[in-house]
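Subject: Structure handover and findings

Hello,

I am passing on the structure we discussed, together with notes on what turned up in it. Please look it over first and then read on.

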Amino acid sequence: MNLQPLTQRFVLHFGEMGSRWGINRTVGQIYALLFVSAKPLNADEIAEALAFSRSNVSMGLKELASWNLVRLHHLPNDRREYFHAPEDVWAIFRTLAAERRKREIDPTLSMLRDALLEEPTADEDVHAQARMKEMHDLIELGTSWLDEVQKMDSASLARLMKMGSQVQKLIQVTDRVKQVFKSEKTP
């Protein structure tokens with residue numbers, strides 16, 4: 001299987017970006033290939049297309065499966081396993097967010113909660129604990145927002161993302177309305 005130049009450029013770029021996102025180049029390229037492929041691919045097809053060893057492809061597919069980023073597919077009368085990426089990019093976004101939370105954010109929140117339960121013994125610890133509380137509260141706020149985003153259907157999520165600065169304007173209008181009602185209540 002020869003990759004077309006457009007696909008090859010995307011796959012190579014995704015491999016380079018993968019290392020910046022905390023995955024190795026091979027895994028990034030495998031995912032990129034599955035993402036743009038019109039049909040599910042088996043490990044041999046992936047290895048041939050990317051010129052990777054079969055063992056590297058197998059390890060990469062296991063990594064992607066552990067992140068819930070690939071789906072297993074079987075074809076009639078074919079014993080090989082085929083893989084494909086989810087079609088809905090918002091489902092991919094939600095999966096990545098959930099996996100990042102489980103692997104990175106939840107352990108950090110757990111450590112911060114434990115640190116906040118400790119009794120500070122020095123002034124430096126009091127200051128450090130206050131800063132940790134600020135970080136804890138910020139992460140909690142972000143995760144509760146993410147929980148709400150995870151519940152949204154793809155169309156609503158796309159609309160939310162497109163709103164951008166309009167959300168800020170809505171908040172400003174809401175604040176002004178609250179001020180008007182507050183000033184009307186006080187004589």
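The lining of the second largest pocket in this predicted model is made up of 5 charged, 4 nonpolar and 2 polar residues. The residues concerned are Asn42, Ala43, Asp44, Arg54, Ser58, Leu61, Lys62, Ala65, Arg80, Glu81 and Phe83. Helix H3 (43-50), H4 and strand S3 (81-84) are the elements that contribute two or more residues to this lining. H4 has the largest share, with 5 residues. The space in the second largest pocket comes to about 190 Å³.

The largest pocket holds about 330 Å³ of space. Its lining consists of 16 residues, and those nearest the centre are Phe14, Trp21, Tyr31, Leu69 and Leu96. Sorted by class, the lining of the largest pocket has 12 nonpolar residues, 3 charged ones and 1 polar one. Four helices each supply at least two lining residues: H1 (5-20), H2 (25-36), H4 (54-66) and H5 (89-117). Of the elements, H5 gives the most to the lining of the largest pocket, namely 4 residues.

Next, the surface. Phe35, Val36 and Val89 make up a nonpolar patch there, and together they have about 230 Å² of accessible area. Valine 36 belongs to helix H2. Its relative accessible area is 38%, so valine 36 counts as partly exposed.

Glutamine 168 sits in helix H8 (residues 165-185). With a relative accessibility of 49%, glutamine 168 is partly exposed; the cut-off for exposed is over 50%.

On to charged pairs. Side chains of opposite charge can pair when their charged atoms come close. How many salt bridges does a search of the whole structure find? The count is 13.

- Arginine 113 and glutamate 140 form a salt bridge through their side chains, at 2.5 Å from N to O. Arginine 113 is in helix H5 and glutamate 140 in helix H6 (residues 123-151), so this pair ties together parts that are 27 residues apart in sequence. Both partners are partly exposed: arginine 113 has a relative accessible area of 38%, and glutamate 140 is at 26% relative accessibility.

- Lysine 39 has a salt bridge with glutamate 45, in which the closest N and O atoms are 3.4 Å apart. Lysine 39 is partly exposed, at 43% relative accessibility.

- Lysine 151 and glutamate 148 meet in a salt bridge between their side chains, at 3.4 Å from N to O. About one helical turn separates lysine 151 from glutamate 148, because they are 3 residues apart in helix H6. Lysine 151 is exposed, with a relative accessible area of 62%, whereas glutamate 148 is partly exposed at 46% relative accessibility.

Last, the backbone. Most residues other than glycine have a negative phi. Which residues here go against that pattern? Alanine 51 is one of them: it is not a glycine, yet its phi is positive, at about 60°. Alanine 51 lies in the loop between H3 and H4, and at 70% relative accessibility it is exposed. Asparagine 77 likewise has a positive phi, near 60°, and is a residue other than glycine. Asparagine 77 is in the loop between strand S2 (71-74) and S3. The relative accessible area of asparagine 77 is 86%, so this residue counts as exposed.

H4 supplies at least two residues to the lining of the largest pocket and 5 residues to the lining of the second largest pocket.

Regards

Definitions and conventions. Residues are numbered from 1 along each chain as its sequence is written. This is a predicted model: local features need pLDDT of at least 70, side-chain atom pairs count only at pLDDT 80 or more; totals for chains, interfaces and linings use all residues. Side-chain values use heavy atoms; hydrogens and water are left out. On a 1 Å grid over the protein atoms alone, a cavity is a set of points where a 1.4 Å probe fits but cannot get out, and a pocket is an open set with protein on both sides within 12 Å along at least five of seven lines; lining residues have an atom within 4 Å of a point. Grid points are joined across faces, edges and corners, and a volume is the space filled by probe spheres set on the points. Ala, Val, Leu, Ile, Met, Phe, Trp, Tyr, Cys and Pro count as nonpolar, Asp, Glu, Lys and Arg as charged, and the others, Gly among them, as polar. Patches are made of residues with over 30% relative accessible area and no salt bridge: like charges are joined within 9 Å, nonpolar side chains (Val, Leu, Ile, Met, Phe, Trp, Tyr) within 5 Å. Accessible areas come from the Shrake-Rupley method with a 1.4 Å probe; for residues, only the protein chains shown count as cover. A salt bridge is a side-chain nitrogen of Lys or Arg within 4 Å of a carboxyl oxygen of Asp or Glu. Buried means under 20% relative accessible area, exposed over 50%, partly exposed in between (1.4 Å probe, protein chains only).
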